[in-house]
Amino acid sequence: MLWHHGALLDVNAPASRSIYVLGVNGSGEIVGYNGLSNAAFVYRDGTFQTLPGPAGASVSATAINDSGDIVGTSFAAPGPYQSVVWKRDRPGTYQIVADDVAVGIDNAGNVVTEKGSVWSPDGTTHRLAGSPDLQVQKFQGGYALGQAFGDYTSLHKWDATGSLVYRYEAQDRPSPRGINSHGLMVASYTPVGGTARELGVWRDSTFTGNITSERWVQVVTEDGELAGQRPSADGKTLVPASWTCAG
């Protein structure tokens, strides 16, 4: 399902019970994984298109930038995992850019992997500070978010140059849900002295508060919207929802 300004748009999905949507850009292009064919797909121009990949591998598309460039991950036993890029201006082709799981791609075409490798479109590669002992979970808005092995109380934020920008401290390390280029971030965490996890909102290094009644935010957009799920009126199920961060 695809929504635009609150309206549900018709998506002509293929006949499969295993379509997993993993990314969407500002033009409404969708990427993900088709479990029926073990292949990555992109939905653009009103059609689903299977993306090419290494023979015999299971391939998923993780993220798509506003130019239509896509990144994903390929795996064939015995490994390794490989980060794959599909350039919008090179249809029908793909490029392996790292032996690691892809996390995301920014509008400049930079790709960040789970262990902290940063691949640039000019073919050069550098690393996030602390790599390879990292677990990067998000790369959005020009920032990477994740943890360093052995550090159990903080969430690290890096910029695309690889520099460590900030460490967010908590009783146990926060799990990021999303961030935009303005530094608006949402993360799940346990406050110091607390016993339950909360969903917190930060603007750069400033904590602004918890989302106390809605705990299923998964996306932070460039215009300050949060998207995810909320309980239905009868409390029996979850329904799609979005919220606007004011101020």
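Modeller: Met1 sits in the segment before β1 (2-4), where strands, like helices, are DSSP runs numbered from the N terminus (E, at least two residues, for strands; H or I, at least four, for helices). The model is a predicted one, in which local features need pLDDT of at least 70 and side-chain atom pairs count only at pLDDT 80 or more, while totals for chains, interfaces and linings use all residues. Residues are numbered from 1 along each chain as its sequence is written, and side-chain values use heavy atoms, with hydrogens and water left out.

With a relative accessible area of 76%, Met1 is exposed; the term means over 50%, buried means under 20%, and partly exposed lies in between (1.4 Å probe, protein chains only). Together with Trp3 and Leu8, Met1 makes a nonpolar surface patch of about 390 Å². Such a patch joins nonpolar side chains (Val, Leu, Ile, Met, Phe, Trp, Tyr) within 5 Å, and like charges within 9 Å, from residues with over 30% relative accessible area and no salt bridge; the areas come from the Shrake-Rupley method with a 1.4 Å probe.

Turning to the charged pairs, the structure holds eight salt bridges, each being a side-chain nitrogen of Lys or Arg within 4 Å of a carboxyl oxygen of Asp or Glu. One of them joins the side chains of Glu29 and Arg44, at 3.2 Å from N to O. Since Glu29 lies in the loop between β3 (19-24) and β4 (30-34) and Arg44 in strand β5 (residues 39-44), this pair ties together parts that are 15 residues apart in sequence. Both Glu29 and Arg44 are buried.

Another salt bridge is formed by the side chains of Asp151 and Arg167, at 2.7 Å from N to O. Asp151 is in the loop between β16 (143-148) and β17, and Arg167 is in strand β18 (residues 164-169), so parts 16 residues apart in sequence are tied together. Asp151 is buried at a relative accessible area of 14%, whereas Arg167, at 35%, is partly exposed.

Lys157 also takes part in a salt bridge, with Asp204, and here the closest N and O atoms are 3.9 Å apart. Because Lys157 lies in strand β17 and Asp204 in the loop between β21 (198-203) and β22 (206-210), the pair ties together parts that are 47 residues apart in sequence. Lys157 is buried at 2% relative accessibility, while Asp204 is partly exposed at 37%.

Strand β17 spans residues 154-159. Leaving aside neighbours within four places in sequence, Lys157 is in contact (heavy atoms within 4.5 Å) with several residues, including Tyr143, Leu145, Tyr166, Ile179 and Asp204.

Strand β19 (residues 172-179) runs antiparallel to β20, with five bridges joining them, where two strands pair if DSSP finds at least two bridges between them. Their hairpin has four residues between the strands, and Gly183 there takes a positive phi near 85°. β20 is also joined to β21, again antiparallel, by six bridges, and Tyr189 has Glu198 as its bridge partner in β21. Seven of the seven residues of β20 are buried, so the strand is largely enclosed by the rest of the structure. Leu184, Val186, Ser188 and Thr190 point one way from β20, and Met185, Ala187 and Tyr189 point the other way.

Elsewhere, an open sheet of four strands has the order β7-β8-β9-β10 with antiparallel pairing. Its edge strands, each pairing on one side only, are β7 (58-64) and β10. Strand β9 (residues 82-86) is mostly covered, with four of its five residues buried. β8 (residues 70-75) pairs with β9 over five bridges, and Ile70 has Trp86 as its bridge partner in β9. The β8-β9 hairpin has six residues between its strands, and Gly79 in the turn has a positive phi of about 105°. On the other pairing, β9 meets β10 (residues 95-98) over three bridges, with Val84 opposite Ile96 and Ser83 opposite Ala98.
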